[in-house]
Amino acid sequence: MRSFLISDNKDTLIGMRLVGIEGVIVHTKEKVLEEINKVFKDDTIGVLILTERIVDLAPEEIMEFKFKKAIPMIIEIPDRHGTIREGDNISKYIKNSVGIKI
């Protein structure tokens with residue numbers, strides 16, 4: 001299985017390509033959802049990497065994708081500016097999916 005990146009900037013895409021991860025750059029909610037649907041149709045992709053700004057474009061839809069299927073696993077990474085969201089995303093994900101605060 002391979003990984004795939006959906007990013008909002010060229011710097012992140014170039015960095016990921018250096019380690020062998022292909023991807024695309026998009027800037028609208030419609031394009032984000034279109035690319036995610038393409039990824040879900042490709043059985044060779046096991047990990048979908050999204051930058052924070054991509055997740056910000058369609059947060060509800062992306063959370064729904066996370067709950068629908070285990071593969072590909074969706075991972076959110078900081079954007080090129082290295083912002084860190086407040087709170088722990090893994091803990092928030094567990095709370096939303098299981099209903100337990102850890």
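The model is predicted, so local features need pLDDT of at least 70, side-chain atom pairs count only at pLDDT 80 or more, and totals for chains, interfaces and linings use all residues. Residues are numbered from 1 along each chain as its sequence is written, and side-chain values use heavy atoms, with hydrogens and water left out. The protein chain holds five helices and four strands. A search of the whole structure finds eight salt bridges.

**Overall fold**

- From the N terminus on, the elements run β-α-β-α-β-α-α-β-α.
- Helices (H or I, at least four residues) and strands (E, at least two) are DSSP runs, numbered from the N terminus.
- Of the 102 residues in the protein chain, 36% are buried.
- Buried means under 20% relative accessible area, exposed means over 50%, and partly exposed lies in between (1.4 Å probe, protein chains only).
- Among contacts with a separation of 6 or more, 68% join residues 24 or more positions apart. A contact means heavy atoms within 4.5 Å.
- The protein chain exposes about 6,500 Å², and carbon and sulfur atoms supply 57% of that area.
- Accessible areas come from the Shrake-Rupley method with a 1.4 Å probe; for residues, only the protein chains shown count as cover.

**Helix packing: H2 and H4**

- Helix H2 (residues 29-41) packs on helix H4 (residues 59-68) at an angle of about 10°, and their axes are 11 Å apart.
- That angle makes H2 roughly parallel to H4. Angles under 35 degrees count as roughly parallel, over 145 as roughly antiparallel, 65 to 115 as roughly perpendicular and the rest as oblique.
- Axes are lines fitted to C-alpha atoms, for helices over the stretch in contact, and angles run from 0 to 180 degrees between N-to-C directions.
- On the H2 side, the residues are Lys-29, Val-32, Leu-33, Ile-36, Asn-37 and Phe-40. They meet Glu-61, Ile-62 and Phe-65 in H4.

- Side chains of opposite charge can pair when their charged atoms come close. A salt bridge here is a side-chain nitrogen of Lys or Arg within 4 Å of a carboxyl oxygen of Asp or Glu.
- Asp-8 forms a salt bridge with Arg-53, with the closest N and O atoms 4.0 Å apart.
- Asp-8 lies in the loop between strand S1 (2-7) and H1, and Arg-53 lies in helix H3 (residues 52-57), so the pair ties together parts that are 45 residues apart in sequence.
- Asp-8 is buried, at 14% relative accessible area. Arg-53 is partly exposed, at 39%.

- Lys-31, Glu-34, Glu-35 and Lys-38 are linked in a network of salt bridges.
- Glu-34 pairs with Lys-31 at 3.9 Å, N to O. Both lie in helix H2, three residues apart, about one turn of the helix.
- Glu-34 also pairs with Lys-38, at 3.8 Å, N to O. These two lie in H2 as well, four residues apart, about one turn of the helix.
- Glu-34 is partly exposed, at 36% relative accessible area. Lys-31 is partly exposed at 42%, and Lys-38 is partly exposed at 47%.

**Nonpolar surface patch**

- Ile-14, Leu-18 and Val-19 form a nonpolar patch on the surface, with about 330 Å² of accessible area together.
- Patches are made of residues with over 30% relative accessible area and no salt bridge; like charges are joined within 9 Å, nonpolar side chains (Val, Leu, Ile, Met, Phe, Trp, Tyr) within 5 Å.
- Leu-18 lies in helix H1 (residues 10-18). Leu-18 is exposed, with a relative accessible area of 71%.
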